[in-house]
Amino acid sequence: MKKKAFLFVTFATMVLMIGCATVPRAPLQAQRTSAVILAPKDKVWPLLVAEVGLNYPVQAIEKESGLLTTQFVQMPVGFNNSGMERYVFPPGGFLATWAGLRMNMRIMAIESEPGKTMVTINAHYEAFEDNVSKSWIVARSNGSVENQILTSVEQKLR
């Protein structure tokens with residue numbers, strides 16, 4: 001009788017494990033987070049400030065050094081962070097469930113040579129894990145926001 005019970009438990013465990021398997025998704029591709037813009041800093045800077053300032057709460061603007069920083073902002077990702085893949089590579093975690101995504105940015109604009117401005121955007125994301133650790137976990141940006149800002153500035157310069 002014990003052998004039948006053992007076989008049943010083993011079979012049931014295998015069925016559960018197979019049923020929980022997920023289909024692997026295609027890997028997400030990182031987008032650009034920096035660009036050399038073929039324009040002087042004096043033309044790039046106001047466009048960059050306008051693009052960022054209209055969408056994110058600005059914390060500091062230092063035109064001379066080319067530094068622009070934002071405060072943390074909550075990102076719209078839906079229930080259980082179902083839309084977080086639009087912004088980050090989702091962090092893993094045993095039994096992790098998610099309840100929020102926040103982000104801030106540090107942007108540098110430096111005129112590397114006359115007529116060429118290097119813009120680098122560093123977006124820092126944190127996802128709130130609300131099941132096990134109940135804390136903010138750093139999530140790696142996929143570059144979508146950074147690329148959108150760079151593209152917008154480039155298009156306005158045309």
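**Entry 1**

I began with what covers the buried residues of helix 2, and I found that the cover includes strand 1 (34-37), strand 2 (58-62), strand 3 (67-70), strand 6 (98-113), strand 7 (116-129) and helix 3 (144-157). I note that the model is predicted.

I then listed the buried residues of helix 2 themselves: K41, V44, W45, L48, E51 and V52. Viewed down the helix axis, these residues fall within an arc of 140 degrees, so I record them as lining one face of helix 2. On the face turned away from the buried side I located the exposed residues D42 and K43.

I also checked the length of helix 2. Its 13 residues (41-53) should span 18 Å at 1.5 Å a residue, and the end C-alpha atoms lie 17 Å apart, which agrees.

**Entry 2. Helix 2 against helix 3**

Two packed helices are described by the angle between their axes and the distance between those axes. For helix 2 and helix 3, I read that the axes come within 10 Å and cross at roughly 130 degrees. Angles from 65 to 115 degrees would count as roughly perpendicular and those over 145 as roughly antiparallel; the two helices are therefore oblique to each other.

From helix 2, K43, V44, L47, L48, E51 and V52 take part, and they meet Q148, I149, S152, V153, K156 and L157 of helix 3.

**Entry 3. Helix 3**

I counted 14 residues in helix 3; from first C-alpha to last it reaches 20 Å, close to the 20 Å expected at 1.5 Å a residue. Its buried residues are S144, V145, E146, N147, I149, L150, S152 and V153. I found them packed against strand 1, helix 2, strand 6, strand 7 and strand 8 (135-141).

I examined S144 of helix 3 separately. Its relative accessible area is 17%, and because buried means under 20%, I list S144 as buried. Leaving aside residues up to four places away in sequence, S144 touches Q31, R86 and Y87.

**Entry 4. The whole chain**

Finally, I placed these helices in the chain, which holds three helices and eight strands. From the N terminus on, I read the order of elements as α-β-α-β-β-β-β-β-β-β-α. Of the 158 residues, 32% are buried. Among contacts between residues at least 6 apart in sequence, I noted that 63% join residues at least 24 apart.

Note on methods
Residues numbered from 1 in each chain as written. Predicted model: local features only at pLDDT ≥ 70, side-chain atom pairs only at ≥ 80, totals over all residues. Heavy atoms only, no water. Helix = DSSP H or I, 4+ residues; strand = E, 2+ residues; numbered from the N terminus. Expected span 1.5 Å × (residues − 1). Buried < 20%, exposed > 50% of the residue type's maximum accessible area, 1.4 Å probe, protein only. Arc of directions from axis to C-beta. Contact = heavy atoms within 4.5 Å. Axes fitted to C-alpha atoms, helices over the stretch in contact; angles between N-to-C directions. Parallel < 35°, antiparallel > 145°, perpendicular 65-115°, else oblique.
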